[in-house]
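Please open the model in your viewer and follow the stops below in order.

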Amino acid sequence: MAVTAEDVRTTALSLPGSSEKPAWGMPGFRVGGRIFAALGDDDASMGVKCPREDRAELIAAEPEKFFLRAGHDDAYAWLRVRLGAVEDVTELRAILVDSWLRAAPRRLAAAHPELARR
């Protein structure tokens, strides 16, 4: 079963300190005032925080899942994810947790060692 925009919303909002606030006219998810995920305008993709140096490897490994929006994502530590290519809610949660950890205030992240990067 494909992962949906509602799965993104439910999973993102389940993370500590998370809230929903529009970003660029689309649903955005924040922690500590920083965006860690945003749904695409078609509800078929989402953007997440990802170090620029890691993006090429992820895209090369799974181009059906990961991509950049040309001309928009180039200068930012951001990666796009096609929801239809995400295996299940467990994988979705792993992607969102990684992004959340990159945006969360250090104290908040430290208070949730169960979410620490493995």
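**First stop: the start of helix α3**

Select Asp-88, which caps the N-terminal end of α3, with a side-chain oxygen 3.1 Å from the backbone nitrogen of Thr-90; a polar contact is a pair of N or O atoms within 3.5 Å, where within protein one must be able to donate a hydrogen and the other to accept it, and residues adjacent in sequence count only if both atoms are side-chain atoms. Helices (H or I, at least four residues) and strands (E, at least two) are DSSP runs numbered from the N terminus. This is a predicted model, in which local features need pLDDT of at least 70 and side-chain atom pairs count only at pLDDT 80 or more, while totals for chains, interfaces and linings use all residues. Residues are numbered from 1 along each chain as its sequence is written, and side-chain values use heavy atoms, leaving out hydrogens and water.

Next, select residues 89-103, the whole of α3. Its buried residues (under 20% relative accessible area, 1.4 Å probe, protein chains only) include Leu-92, Leu-96 and Trp-100.

Move to Thr-11 in helix α1 (residues 5-13). Thr-11 counts as buried because its relative accessibility is 7%. Beyond its neighbours within four places in sequence, Thr-11 is in contact (heavy atoms within 4.5 Å) with Val-89, Leu-92, Arg-93 and Leu-96.

Finally, display the open sheet of six strands, ordered β1-β2-β3-β4-β6-β5 with antiparallel pairing; strands pair if DSSP finds at least two bridges between them. β1 (18-20) and β5 (66-67) stand at the edges with a single partner strand each, so one side of each has no neighbour in the sheet. Within β6, Val-81 is the bridge partner of Phe-66.

Notes. Buried < 20%, exposed > 50% of the residue type's maximum accessible area, 1.4 Å probe, protein only. Expected span 1.5 Å × (residues − 1).
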